[in-house]
Amino acid sequence: MTTVGTSIRHSAFGTQVRNVFTRAQTAKRLLTAKGAKHAKTALALMLALLISQFCWSETGAEAWLRYHDLKTSSLPNLVAAVGKSAVVRNAADELVHALGNKPNAQGHARQLPSRDAFVLGVWKDIHPLFPELNRSLVPHGDGFWLKTVRHSSAKYWLIIGGNERGVLYGTFSLVERIAQQKDVSTLDDSQTPSALIRWVSEWDNVDGSIERGYAGRSIFFDNGAVWSDLTRVGKYARLLASIGVNGCSINNVNASPRIVAPEFIPQLARVADIFRPWGVKLAVSVDMSSPMVVGGLKTFDPIDPQVAAWWQHTADEIYKQIPDFGGFVVKADSEGRSGPSQYGRTASDAANVIARALKPHGGILLYRAFVYNHHLDWRDPKADRARAAYDYFHPLDGKFEDNVVIQIKYGPIDFQVREPASPLFGAMPHTSEAIELQVTQEYTGQQRHLVFLVPMWKQTLDFDMHVNGVSPVKQIIEGRTWHRPLGGFNTVVNVGMDENWLEHPLAMANLYGYGRLAWNPNLTSQAIAEEWTRLTFGNGTQVVSTVSQMLLSSWHIYESYTGPLGIGTLTDILGPHYGPGIESAERNGWGQWFRADSQGVGMDRTIATGTGYISQYSPAVEKIYEPLTNCPDDLLLFMHHVPYTHVLYSGKTAVQYFYDSHYDGAAQAAGLVAQWKTLKGQIDDERYSETLKRLEYQAGHAIVWRDAVVKWFNRISGIPDAQGRVGHNPNRIEAEDMQLSGYAPAEVTPWETASGGKAVACGQSSCSASFNFTRDSGSYDVAVQYFDQNNGVSQYQLFVNDRSVATWAADDHLPSDKMNGHTSTRHVIAGVQLRSGDVLKIVGRPDSGEPAPLDYVELISQAR
Ligand code: GCW
């Protein structure tokens with residue numbers, strides 16, 4: 001079964017052919033399901049198949065690299081890696097693994113195998129073996145060429161890279177095609193990535209916590225140091241390589257200066273060693289004050305020669321230990337971070353002193369444009385945070401070293417559910433630019449709500465800035481519009497120790513989609529959603545169409561109940577950026593205002609009467625946003641202040657649209673649950689139920705959002721909902737109106753996050769709240785709305801006439817220890833038979849600081 005090759009050198013080309021001989025082991029693959037490790041007999045095999053049929057379970061740890069469904073019978077079982085590169089070798093191993101085989105033997109061969117084989121290598125190594133190949137299709141840089149050729153009696157599947165990374169990317173691309181059951185019998189596909197920089201950023205702190213991370217603690221750091229076991233880092237690097245990501249900055253942009261301290265660099269080198277075989281360059285975020293804090297200098301003034309020398313020395317030291325180090329990311333003069341303004345210097349002074357230190361080593365500096373004053377005067381009608389990045393960086397265009405890239409968030413505020421493209425993209429013809437995105441769903445539901453962000457990102461990438469003929473953002477950041485040497489993408493991911501990386505089983509679609517878009521921003525959202533679904537859940541027609549449909553509708557659904565018409569995400573911006581907290585954005589220095597009063601709502605950013613923000617765009621874009629009659633509805637309140645009665649394109653008034661959008665959005669969130677349920681049995685039990693649990697939670701939380709926002713706008717505008725829904729909940733019994741034993745009414749802040757403005761809390765070991773059921777007898781879903789704080793695990797029990805119907809615990813880890821929009825949670829007991837006259841009672845048992853709080857009960861009749 002095994003052939004061991006021999007090793008030779010093609011003296012003519014100096015090429016070494018290294019073969020990894022493998023054999024198909026189909027039976028073995030059938031047995032890789034959990035719990036089926038050994039199949040010594042026929043009986044064991046049958047048993048294993050039965051087990052896999054009835055409790056098929058996956059954690060999601062493999063993400064889109066599952067290799068479950070691979071039909072490989074028509075493919076060769078021989079893999080030959082040409083050349084000495086460890087990356088190419090790694091690609092070959094990956095292919096062997098994907099094909100379901102163990103390399104039974106590895107060896108060296110003196111010539112091409114004489115039977116069908118995959119052959120991998122960089123162009124310069126492959127070309128001598130296949131001199132007939134047409135040079136014009138040779139990929140550049142990280143690109144690849146997949147090509148089938150015949151040679152004498154053998155057929156070869158060539159994976160040719162422009163460089164060694166290209167070989168890796170080509171390999172993953174081929175494997176992913178096989179996994180999607182695409183025909184790979186004849187291939188001739190050459191691809192080059194859109195941009196040079198395709199990085200991810202992790203906001204991990206060296207203590208192991210992660211800023212805006214929602215999937216457990218850091219995979220890189222623990223307790224002030226790099227983990228000694230970096231197994232998970234290797235797995236992450238593999239995932240990144242599979243989507244073409246070529247750099248990873250591993251620490252928070254709010255950086256600890258220690259990250260570049262002499263004793264830390266060897267630890268970074270260990271991470272780089274793990275990244276290297278996957279073609280991922282290590283980068284770190286640095287703090288501008290490092291020369292003082294770490295270097296012991298009296299200043300970090302960027303034009304001080306000692307400071308320059310310190311950066312040079314630090315860069316030299318890093319490159320000594322990490323020769324392929326990628327570079328630095330810098331956040332300066334932003335949200336209290338140190339920066340050049342402390343010495344009256346500019347961002348270009350700061351960026352250049354570091355960039356010059358990196359330059360001799362080929363490193364780059366990503367300088368973030370997220371610079372703004374967070375002590376803005378909200379009383380000043382001209383004050384506008386959205387203007388900040390342009391106002392600050394535009395005058396510096398052309399003043400940066402050519403290895404500096406300005407990293408610009410997609411919109412001018414801060415990762416909101418909808419923003420216009422940042423005007424800065426169109427304002428720096430002499431400077432390289434990168435776009436900054438967020439896979440971690442800081443303002444978009446924190447991986448508890450399903451939000452597939454690819455359509456949102458595409459909207460920015462495709463937006464034409466009209467600065468140099470047709471100039472969509474994607475073309476500018478690729479460096480093509482102004483022929484810049486650098487450019488690209490960086491996204492904040494924040495994977496954690498959670499086995500499935502991002503906590504929500506469907507959230508990984510965003511990481512996958514990010515890599516695919518950075519590779520090729522012209523891909524459609526639908527194509528990406530379908531690819532990801534096939535690779536993650538298999539090729540079943542219903543699975544593919546249902547999951548991709550859910551993904552594609554999810555952004556709009558979330559927007560509908562959290563912040564439509566361009567108002568921004570109406571979350572608690574002073575807290576964890578999660579649940580509703582509407583007024584938190586107003587009347588403070590942070591500048592995320594939407595300026596609602598009794599007459600109207602929206603930021604006036606017009607040139608004529610507002611902050612002038614719109615003037616930062618080209619004249620053609622100004623024409624889209626400046627006239628109220630022209631501005632698209634979905635950005636209306638970002639650009640204009642309008643009366644609530646302003647009539648939209650749809651014919652609805654702004655305030656009625658607000659009401660309708662929130663009711664529709666919450667209903668559609670419930671619809672996601674129903675769609676998912678149609679897939680029962682078609683997806684493994686574990687991922688099915690983990691996803692279902694989160695979608696059900698989302699449907700409940702969408703109601704919290706809906707009710708908070710519509711009540712708030714109803715109160716401030718004084719305009720009733722034409723459909724009479726706001727404030728009328730006939731199926732709801734408020735806890736404060738129930739018969740209370742031990743429970744006492746409690747105020748909830750902000751008021752709009754409790755139904756009726758109040759809840760009840762229990763100040764003793766056990767309390768109860770009861771009411772008489774007076775409606776028609778029948779089957780009801782009983783929804784109990786309570787607050788699940790993170791400072792205790794209260795217990796709840798529902799009784800009908802003293803018969804216990806359900807018990808549950810408030811054991812989620814929501815981001816607050818108070819009753820509010822973050823913690824308000826719904827527990828639904830489906831299909832409870834109720835007769836008129838029944839008494840329903842909820843018993844709550846507090847725990848630690850959590851007083852078993854209750855908001856209301858809603859009875860939803862099952863009668864049609
Ligand atoms: O959106 C804000 C986040 C901060 C973050 C900052 C930034 C790392 O709330 O947590 O800080 O953006 O992007 O620098």
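Colleague: How many cavities of 30 Å³ or more are there?
Modeller: The count comes to seven. It's a predicted model, so local features need pLDDT of at least 70 and side-chain atom pairs count only at pLDDT 80 or more, while totals for chains, interfaces and linings use all residues. Residues are numbered from 1 along each chain as its sequence is written, and side-chain values use heavy atoms, with hydrogens and water left out.

Colleague: And what counts as a cavity here?
Modeller: On a 1 Å grid over the protein atoms alone, a cavity is a set of points where a 1.4 Å probe fits but cannot get out; lining residues have an atom within 4 Å of a point. Grid points are joined across faces, edges and corners, and the volume is the space filled by probe spheres set on the points.

Colleague: OK, what volume does the largest cavity have?
Modeller: About 160 Å³. Its lining has 19 residues, and those nearest the centre are Ile-413, Ile-567, Gly-568, Gln-592 and Trp-593.

Colleague: How does that lining of the largest cavity divide by class?
Modeller: Ten nonpolar, six polar and three charged. Nonpolar means Ala, Val, Leu, Ile, Met, Phe, Trp, Tyr, Cys and Pro, charged means Asp, Glu, Lys and Arg, and the others, Gly among them, go down as polar.

Colleague: How much space lies in the second largest cavity?
Modeller: About 110 Å³. That second largest cavity is lined by 14 residues, with Ala-369, Phe-370, Ala-389, Pro-412 and Ile-413 closest to its centre.

Colleague: Which elements supply at least two residues of the lining there?
Modeller: Helix 11 (388-393) and strand 16 (404-409) each do. Strand 16 gives the largest share of the second cavity's lining, three residues. Helices (H or I, at least four residues) and strands (E, at least two) are DSSP runs, numbered from the N terminus. By class, the lining of the second largest cavity has nine nonpolar, three polar and two charged residues.

Colleague: Switching to helix packing: at what angle do helix 12 and helix 14 cross?
Modeller: Roughly 25 degrees, with the axes of helix 12 (residues 454-462) and helix 14 (residues 508-519) coming within 10 Å. That makes helix 12 roughly parallel to helix 14. Axes are lines fitted to C-alpha atoms, for helices over the stretch in contact, and angles run from 0 to 180 degrees between N-to-C directions. Under 35 degrees counts as roughly parallel, over 145 as roughly antiparallel, 65 to 115 as roughly perpendicular and the rest as oblique.

Colleague: Which residues meet between helix 12 and helix 14?
Modeller: Val-454, Trp-457, Lys-458 and Leu-461 from helix 12 meet Asn-510, Gly-513, Tyr-514 and Leu-517 from helix 14, where contact means heavy atoms within 4.5 Å. That contact has five nonpolar, two polar and one charged residues.

Colleague: What about helix 6 and helix 7, how do their axes cross?
Modeller: At roughly 45 degrees, and the axes of helix 6 (residues 231-242) and helix 7 (residues 265-275) come within 9 Å. Helix 6 is therefore oblique to helix 7. On the helix 6 side the contact is made by Val-233, Gly-234 and Ala-237, and on the helix 7 side by Val-271, Ile-274 and Phe-275. Five of those residues are nonpolar, one is polar and none is charged.

Colleague: Now the backbone: where is the cis peptide bond?
Modeller: It joins Thr-749 and Pro-750, with omega about -5 degrees. Pro-750 is in the loop between strand 23 (743-747) and strand 24 (758-762).

Colleague: Which residue has a positive phi although it is not a glycine?
Modeller: Asp-333, at about 55 degrees. You'll find Asp-333 in the loop between strand 14 (327-330) and helix 10 (347-358).

Methods. 1 Å grid on protein atoms, 1.4 Å probe; cavity = no way out; pocket = protein on both sides within 12 Å on 5 of 7 lines; lining within 4 Å.
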